Amino acid sequence: MKLAGDYRFEAAVREVWDALFDPAVLAAVMPGCEKLERVDGQFVGEIKVKIGPVSGAFAGKVDLKDIDEPRRYTMVVDGRGSAGFVKATAVVELEADGDGTKMRYQADAQVGGKLASVGERLINASTRAIVKEALAGLHTNVKIRAAAYKEAAQAKAAESKAPAEPEPASE
C-alpha cells in the first residue's frame, strides 16, 4: 500500500519539526495512541486501530533514520498485534512556505494477518482518515505552541524595554 500527500501548517519549520519529535505531542494527536515514548532514538508505543470489522491493539517501534534537521527524515515502522502486522517506511519532508510550513510525506506499507483480510480499499480509506485526523490535531497543537512561544517572547521583550522601577529611598 502506498500513501502520499502534503499538508500546510501555519507555523515555522522549526516549530513543526520540534512537534514531530515530541512523543507527548504525537501521542496526543495520534488516533488510538495509548502510549508513546522515545527510547534510544526510536519511538516505542501502543495503538488501538479499527479498520472495518477488524480491530486490535498493536505494539511497535518507529526508527528514525536519515535525519536532516529540520528538513527531512525517514521513519521505519514495525507494529504487531493480535490483528496482524504493519511494516512501513515513510519519508517526511518540511519546507518553508511563506509564513508557514509545507509537509510532504510518502509511505509504503505492508499489512498482514486479519487486518489484511479487510481489503486494500478499506485499509487505504481508513489510513487516509487516520492520517488526516492526526495531521489536523498536530496542526492545532503546533499553532497553540507557536502562539504561546510568541506571547512569551513578546512579554520578555516588553519586560526588557520597560524602565526599571526606582529603588525606594532609605532613611
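In which sense do E3 and strand E4 (residues 54–68) pair, and over how many bridges? The two strands pair in the antiparallel sense over 10 bridges. Pairing requires at least two DSSP bridges between two strands. Helices (H or I, at least four residues) and strands (E, at least two) are DSSP runs, numbered from the N terminus.

This is a predicted model: local features need pLDDT of at least 70, side-chain atom pairs count only at pLDDT 80 or more, and totals for chains, interfaces and linings use all residues. Residues are numbered from 1 along each chain as its sequence is written, and side-chain values use heavy atoms, with hydrogens and water left out.

Stay with the strands. E3 and E4 form a hairpin with 2 residues between them. Gly52 in the turn has a positive phi of about 60°. Across this pairing, Lys48 has Ala57 in E4 as its bridge partner. E4 also runs antiparallel to E5, joined by 9 bridges.

Next comes helix H3 (residues 120–161). Its expected span is 1.5 Å times one less than its number of residues. For 42 residues that should be 62 Å; the end C-alpha atoms are 60 Å apart, which agrees. Several H3 residues are buried, including Ile123, Leu135, Leu138 and Val142. Buried means under 20% relative accessible area, exposed over 50%, and partly exposed in between (1.4 Å probe, protein chains only). The buried residues of H3 pack against strand E1 (2–9), helix H1 (13–20), helix H2 (23–29), strand E3 (42–51) and strand E7 (100–112).

Now the rings. Rings of Phe, Tyr and Trp (its six-membered ring) pair if their centres lie within 6.5 Å; planes under 30 degrees apart are stacked, over 60 edge-to-face, the rest tilted. The count comes to 4 aromatic pairs. One of them, Phe21 with Tyr73, is edge-to-face: 5.0 Å centre to centre, 65° between the planes. This pair links distant parts of the chain, 52 residues apart: Phe21 is in the loop between H1 and H2, Tyr73 in strand E5 (residues 72–81). Both residues are buried. Ring pairs link Trp17, Phe21 and Tyr73 into a cluster.

Finally, look at Lys114, in the loop between E7 and H3. Lys114 counts as exposed because its relative accessible area is 53%. Beyond its neighbours within four places in sequence, Lys114 is in contact (heavy atoms within 4.5 Å) with Val54, Ser82, Ala83 and Gly84.
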